[in-house]
Amino acid sequence: MQGQMSSSVLHNFAWNELKKPPDSMHSVLVTLLAFGPDRSPTLIGTGFIVGAYGNRALVFSAAHNLHEGVKKVQEPNPLHHLSALREFLPGFDEIALDQKVLRGIYVANGRVEVCVIHGVLWNTATDIALMLLAPQDIANETVFRTHLQLEDYSPRIGDEVCMLGYADMTVDECVKDDRFEMFTAKSRLILRAGRIKGVHSEGHILCRGPCVETTIPVFGGMSGGPVFRIPKTERGEIALKPFALISHDPDESSKEKNDRSLEGSSVAALLPITSVKKTLDGQQVQLKLSNVKSIRNEEVAKEPAAAYKLRELQVRWNPISR
């Protein structure tokens, strides 16, 4: 997949933003959707597809989208004090994956698919999560057709990179009855470019694994989105080959995050890629995920066919533009 942002887009700014990213970029992204105990929906963060197999998709996202974002929605009134360390809280990271409480919204070719999450692997320290998604109709093998190829890249200070993700996430117009549920999800697709200003092999701020710090300010909801470098090409195009994902931004001021003269401080977690080999139909990638927490969707594991008949859910998706 390619975009049209050239390597000269910074124009002496600390960072820059593509005014209208191509609609095709939606086809490689996923939005995490969680439901509270009262069935109230909340959009959590971004993920990106690295393996598309028709009725299955492998998706990277930030681990804190799950053990913090989803957990907070599923358990809004925890019994423990907010300052308690997770090491002393058995089951602190446990979340439910069944389709009544967690989904993934996928938009491609004008179609909105509310995906079922079959399983998740995540590492809290490195802020890396890998998920397996499937469509509501498991027999439909035409849903996932596009994915991003990965890049085994050693980041350097000064290199130009891009970050892609969803921001301004909101949910409204909810309609519910015993058998049917519908609501409108809104978000804004953001593609920003900047430079690497720090490489941290032992972690930085909230990411305790290999990561980089960039000049690009990001917003809540973009966590888990892909990060890729901008190689110089003759046609001024870039191939979206992620080497990292958006972890967090320690700066809270939204106003300053739109001032291109001010450097941001976002942190991107490096993907655990050990090797990348080209093949006739794409690439073969080896990943090393250590000390992972593994969760699977129990309702799918017990009875795959019946798992998709619990409740009809329809989401109308409304992209926000500036």
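Me: Buried means under 20% relative accessible area, exposed over 50%, partly exposed in between (1.4 Å probe, protein chains only). What does Y106 count as?

Reply: Buried, because its relative accessibility is 3%. This is a predicted model, so local features need pLDDT of at least 70, side-chain atom pairs count only at pLDDT 80 or more, and totals for chains, interfaces and linings use all residues. Residues are numbered from 1 along each chain as its sequence is written, and side-chain values use heavy atoms, with hydrogens and water left out.

Me: OK. How many aromatic pairs does the structure hold?

Reply: Four. Rings of Phe, Tyr and Trp (its six-membered ring) pair if their centres lie within 6.5 Å; planes under 30 degrees apart are stacked, over 60 edge-to-face, the rest tilted.

Me: What sort of pair do Y106 and F144 form?

Reply: A tilted one, with 45° between the planes and 5.1 Å from centre to centre.

Me: Where in the chain do Y106 and F144 lie?

Reply: Y106 is in strand β6 (residues 102–108), while F144 is in the loop between β8 (128–134) and β9 (160–176), so the pair ties together parts 38 residues apart in sequence. Strands (E, at least two residues) are DSSP runs, numbered from the N terminus, as are helices (H or I, at least four).

Me: And F144, buried or exposed?

Reply: F144 counts as buried because its relative accessibility is 2%.

Me: What kind of aromatic pair do Y153 and F243 form?

Reply: Edge-to-face: the planes are at 75° and the centres 4.7 Å apart.

Me: Which parts of the chain does that pair tie together?

Reply: Y153 sits in the loop between β8 and β9, and F243 in the loop between β13 (238–239) and β14, so the parts joined are 90 residues apart in sequence. Y153 and F243 are both buried.

Me: Changing topic. How many salt bridges does the structure hold?

Reply: There are 15. Each is a side-chain nitrogen of Lys or Arg within 4 Å of a carboxyl oxygen of Asp or Glu.

Me: Which side chain does R229 meet in a salt bridge?

Reply: That of E151, at 2.8 Å from N to O. Distant parts of the chain are linked this way, as R229 belongs to strand β12 (residues 226–229) and E151 to the loop between β8 and β9, 78 residues apart.

Me: Why does R229 count as partly exposed?

Reply: Because its relative accessibility is 27%.

Me: What about D159, which residue is its salt bridge with?

Reply: R156, with 3.3 Å between the closest N and O atoms.

Me: Is D159 buried or exposed, and is R156 buried or exposed?

Reply: D159 has a relative accessible area of 15%, so D159 is buried. R156 has 53%, so R156 is exposed.

Me: Which residue forms a salt bridge with K197?

Reply: E263 does, its closest N and O atoms with K197 being 3.4 Å apart. The two are 66 residues apart and connect distant parts of the chain: K197 lies in strand β10 (residues 180–200), E263 in the loop between β14 and β15 (267–270). K197 is partly exposed, because its relative accessible area is 30%.

Me: Last one. Which residues do salt bridges that share partners join into one network?

Reply: E17, D168, R188 and R192 are joined in that network.
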